[in-house]
Amino acid sequence: MERWEDQGIVLSVRPHGENGAVLRVLSEHHGLCAGYVRGAQSSKMRGTLEPGNGLALVWQSRTEGQLGSFSVELIDNPGAVLLGDALRLGALQSACALCDAALPEQEGHPGLFHGLRALLTALDGPVWLQAYVIWEIALLKELGFALDLGRCAGGGRRDDLAYVSPKTGRAVSAEKGQAYQDRLLVLPQFLGGPASADEAADIDCGLKLSGYFLEHWAFAHHTRGLPEARLRFMNRMAQTLGSSRESLIVASG
Amino acid sequence: MNTDGPLEMLIRQLAALPGLGPRSARRAALYLLTRRKTQMQPLAQAIQQAAELVRECTACNNLDTADPCRICSDPRRDAGQICVVAQVSDLWAIERTGAFKGRYHVLGGLLSALDGMGPEQLRIPTLLVRVKEPAVREVILALSATVDGQSTAHYIADHLGPGSNAKITRLAHGVPVGGELDYLDDGTIITALRARNAA
């Protein structure tokens, strides 16, 4: 009999049978894990298994390769305070869907677990959009696609970084990248790029930057591409940016 | 034992119902067979009648024998308020309270990428058409306080906004009646604090 205890974050829940569900969580020490939860569709349990919720987990299975079953207890539900805000809720869904789709099963990622936990808390704070972009870049690193945003790939000055090469994922200084700027991604201020007065545009650049590498590197070989929740979040962001830049800054501040 | 006989077929059909397994289906079948006149035949008739007569209302998607349903055709109900719910069971829950005198719109589910429910699968286009009617003053989004429920509410609110004069409201979130603070989760308490009213 295989058995472990851990804490985890709910990524997705798929109803199975009349009352149960297959729960997928990002656990602290065992990484992405799936297991059957009895009575998951009961009114008492449904609220416990919402995406983003922190759970105390007991997983057990007769053999290691089996699906196994979870006993769960709610620790916290950071998503509850985000229900009224479409953008923040979209970010929560996007982060959970990215982990669910990108991570391999049963491979420990304690750093990513704590990072996701910190992000879910930060989503209720003032600089949540920047935190979200930084988290996506950390996810890329955890998946083996680290970006090098600390120095210029072309040998330029470190204090002049302004672009990122879509080929190498390395930063490029304004001086060295000037001739190729139409082919480079913009490095936002909060990631070490040039000072920008337009906070919304800066966030837009950050999301495009991480989104590009998620799509072309991390999800390049996934048959279904980027998760639907990430695409929906980007669409909503684009709408918000398109309709009113001021409203976005108010939302982020 | 004949696996295709009428008794086995009855047990199989009963076992497929929610809440019933093979053992309880056998018990139910035996119960019905020992009360053919008083239970079994009336039940068969009721099922037959419901299958033939109950249909979806073309206006709100409620289930009724009439189309439009009794709620949509009742002149005493306020046509200016539309309460959007996910399922007919939610409509029944609100109707049980007797507190709402407007009309409904049943979506038929919630947006969920996992379950393959997109906007096309829900009855959102017909809602958008209904809301454009000049009589409609308010759309109440009575969807569950879950991530999927509120994502659906945000999606509808985004799409109802342009081209509509109706006010869009949603149900309050917070402490349930009879709920003790000590037993509530942190998220519910924070939400309730943020939505507090003047005493």
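## Polar contacts and salt bridges between the chains

Between chain A and chain B, eight residue pairs are in polar contact, with both residues at pLDDT 80 or more; a polar contact is a pair of N or O atoms within 3.5 Å, where within protein one atom must be able to donate a hydrogen and the other to accept it, and where residues adjacent in sequence count only if both atoms are side-chain atoms. On the side of chain A that touches chain B, the elements giving two or more residues are β1 (2-16), α2 (86-102) and α7 (228-243) of chain A, with helices (H or I, at least four residues) and strands (E, at least two) taken as DSSP runs numbered from the N terminus. The residues of that side of chain A divide into ten nonpolar, five polar and eight charged, where Ala, Val, Leu, Ile, Met, Phe, Trp, Tyr, Cys and Pro count as nonpolar, Asp, Glu, Lys and Arg as charged, and the others, Gly among them, as polar.

The rule also finds two salt bridges across the interface of chain A and chain B, a salt bridge being a side-chain nitrogen of Lys or Arg within 4 Å of a carboxyl oxygen of Asp or Glu. Arg194(B) and Asp124(A) meet through their side chains in a salt bridge, at 2.6 Å from N to O.

## Basis of the model

This is a predicted model, in which local features need pLDDT of at least 70 and side-chain atom pairs count only at pLDDT 80 or more, whereas totals for chains, interfaces and linings use all residues. Residues are numbered from 1 along each chain as its sequence is written, chains are lettered from A and ligands numbered from 1 in the order in which they are written, and side-chain values use heavy atoms, with hydrogens and water left out.

## Extent of the interface

Chain A gives 23 residues to the contact and chain B gives 25 residues, contact meaning heavy atoms within 4.5 Å. The two chains, A and B, bury about 1800 Å² between them, 53% of it on carbon and sulfur atoms; buried area is the accessible area (1.4 Å probe) that two parts lose on being put together, summed over both. In chain A, Glu18(A), Val81(A) and Leu83(A) lose the most area to chain B, together 27% of what that side buries.

## Salt bridges within the chains

Over all chains, a search of the whole structure finds 17 salt bridges. One of them joins the side chains of Asp76(A) and Arg117(A) at 3.5 Å from N to O, and this pair links distant parts of the chain, with Asp76(A) in strand β5 (residues 69-76) of chain A and Arg117(A) in helix α3 (residues 110-122) of chain A, 41 residues apart. Asp76(A) is partly exposed at a relative accessible area of 24%, where buried means under 20%, exposed over 50% and partly exposed in between (1.4 Å probe, protein chains only).

In chain B, Arg76(B) forms a salt bridge with Asp74(B), the closest N and O atoms being 3.2 Å apart; Arg76(B) counts as exposed at 74% relative accessibility, whereas Asp74(B) is buried at 15%.

## A buried threonine in chain B

Thr152(B) is found in helix α7 (residues 147-160) of chain B and is buried, with a relative accessible area of 0%. A polar atom of the Thr152(B) side chain lies 2.7 Å from the backbone oxygen of Asp148(B). Apart from neighbours within four places in sequence, Thr152(B) is in contact with Leu107(B), Leu110(B), Leu111(B), Leu122(B) and Leu143(B).
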